[in-house]
Amino acid sequence: MSEPKPTKRPRDPRLDFFRGLAMFIILLAHTPGNTWTLWIPARFGFSDATEIFVFCSGMASALAFGAVFAKRGFLLGSARIGFRVWQVYWAHIGVLLVTALMLFAIDHYGLGARERPYIEGPWVRPLFDQTGEALIGLFTLTWVPGLFDILPMYLVILAMIPLVMLAHAAFGRPGVAVVVLGLWFAATLAGYARQYGDEEDFAQLAAWQQSLVGFGRPFLWMNFPSYPFGEGTWFFNPFGWQLVFFTGFAFGMGWLKAPPVDRRLIWLAAFIVIATVPLAWYKFHYNYSIVGGTFLHDWIVATRSFLEPLRWKTWQGLGRFVHFLALAYLAWVAVGAGGVRLAQGFSQPWVPSLTLQRVALAVLVLSLPIAYPEEIGWFISGYDEWLSEGLGLSFNQIGMLQLAHLVALLLMVWSLIGSEGRTWLARDALLKAVPVIRKVGTQSLAVFMVSIPLARFNGWLLDLAGRDVWSRAGINLFGFAVLIGVAYFAAWIKRQPWREPVAPRPNDRPEDRRPPSPAPASAPGTGPVPARA
């Protein structure tokens, strides 16, 4: 009796769901002049969708490549990684060339709607002004313009997987921790040396900070060059960001166990997320809020400046990492064990109390005149002067009130739609959206490749259409539809539908479906039978 074939490990729905969400957020963030980006999670905390993408990619890599190392050995596992690195490398080359060509065509044919050339945002002008040097930099990854920096970081981290697997084979989980944390700490020191290595900046540092710069100088090589015509470095340092990747990888491999659902941990994670809002949201530290010019504002600015290394994006500051872990824990708790709420929805949606509804209604009515200054200004001439002179506020200084208005509006809408409406949103609509979002997450590389040129294309469309509420909504939704279409098309292609058996048509005869028999060979010494005239 033959042994049963081992069942394939089911794919965690949470992995693809959150990676799919990251793809939508990344598209919004890369679209120029898109005010929808004012409401993405990155505006209210240190971490952003990049951490989601890298962490989930680490988990996915463990599922895809970890089993190869475990079952087929180190050489075949490394070969599998090498092939994936090769794919990502050419994906990066293709994305940059396609995007640059599209932007150049807009400038060349005069299709743009702004004075600044489109090839200067992102900075791909060297490809046309210094073509030879730019191509050398492109293919050697020494020219990595902004917007095109995620895939190079990703492929370098992928190339580190064999090193981590060797460390685990030799020393177990402690060996992995030493490699991962050691590389991250060295990258952080390289960041100090990079940021404060100049004589003028170095002289203003405290003694302990100068020591960090001194320790970091031997690791300056970790700051890969991104601009062969200047002194730029990669925006995403792979030696820093591998901390996020291999944290996800460790969870996927089972080296780290999932934390328990504990009320104390939930409150701690919520405190971390909320406490970072004043330090991250520009309405506070850029003097755009109602606290501008006060002691509280000055304290926020000073604290943000002091904590700058903790929120470094290039080298994955420790504050960013802790904020991401807190946010990820809350999301992990919210979707339930094994992502059960992604499969079943929320059966008992929360209902605001009557007192809370009354407070929300009062906030909604009182904040209405200053929540939509631009929209009201379309109908009432001089409204902005009245707002600034009568109330002492400017459009940029009412962000807190706008946020309160938005929360009150959502609460009122949630209350007014009734029990059936809340159940439909929390269960039926969610269950329809989850498979679509997951599909985008499962095809993340193909979707990401399209999202980069699509983001600049959408920015060009916004230039042509004008940036108002309706144009932004229409173009952003168009972008979402394109990502979804790409994901489903890529999944269909990967399924190889041409290999599936063809269903017989009603009028087909069995003999018509048989392959034709080969013609008989001629007997030796005879030629082909001549055709009749």
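So, by class, how many nonpolar, polar and charged residues does the lining of the largest pocket have? Hold that thought for a moment. First, a word on the model: this one is predicted, so to speak of local features we need pLDDT of at least 70, side-chain atom pairs count only at pLDDT 80 or more, and totals for chains, interfaces and linings use all residues. Residues are numbered from 1 along each chain as its sequence is written, and side-chain values use heavy atoms, with hydrogens and water left out.

Okay, the pocket. On a 1 Å grid over the protein atoms alone, a pocket is an open set of points with protein on both sides within 12 Å along at least five of seven lines, a cavity is a set where a 1.4 Å probe fits but cannot get out, and lining residues have an atom within 4 Å of a point. The largest pocket has a volume of about 1500 Å³, where volume is the space filled by probe spheres set on the points, joined across faces, edges and corners. Its lining has 45 residues, and Phe-18, Ala-328, Tyr-329, Ala-331 and Trp-332 lie nearest the centre. Here's the count I promised: 36 nonpolar, five polar and four charged. Nonpolar here is Ala, Val, Leu, Ile, Met, Phe, Trp, Tyr, Cys and Pro, charged is Asp, Glu, Lys and Arg, and the others, Gly among them, are polar.

Which helix gives the largest share of that lining? Helix 15, with ten residues. Helices are DSSP runs (H or I, at least four residues), numbered from the N terminus. Helix 15 covers 318–334, and helix 1 and helix 2 (49–72) are among the others that each supply at least two lining residues.

Now the cavity. There is one of 30 Å³ or more, and about 40 Å³ of space lies in the largest cavity. Residues lining the largest cavity include His-92, Asp-149 and Phe-448. Helix 6 brings the largest share, three residues, while helix 3 (74–108) and helix 22 (444–465) each supply at least two.

Speaking of helix 22, Ser-451 is found there. Is Ser-451 buried or exposed? Buried, with a relative accessible area of 1%; buried means under 20%, exposed over 50%, and partly exposed in between, using a 1.4 Å probe and protein chains only. Not counting residues up to four places away in sequence, Ser-451 touches Leu-27 and Leu-483, with contact meaning heavy atoms within 4.5 Å.

Next, the nonpolar core: buried Ala, Val, Leu, Ile, Met, Phe, Trp, Tyr and Cys residues joined through side-chain atoms within 4.5 Å. The largest one has 93 residues, and Ile-161 is one of those that touch the most other members. Helix 3 gives the most to this core, eleven residues. Leaving aside neighbours within four places in sequence, the contacts of Ile-161 include Phe-65, Phe-69 and Ile-81.

Last up, salt bridges (a side-chain nitrogen of Lys or Arg within 4 Å of a carboxyl oxygen of Asp or Glu). A search of the whole structure finds twelve. Asp-16 and Arg-19 make one at 3.8 Å, N to O; both are in helix 1 (residues 13–30), three residues apart, about one turn, and both are buried. Arg-125 and Glu-120 meet at 2.8 Å, and Glu-120 is buried at 19%. Glu-500 pairs with Arg-495 at 3.1 Å, but Glu-500 is partly exposed, at 38%. And salt bridges with shared partners join Asp-48, Glu-51, Lys-313 and Arg-320 into one network.
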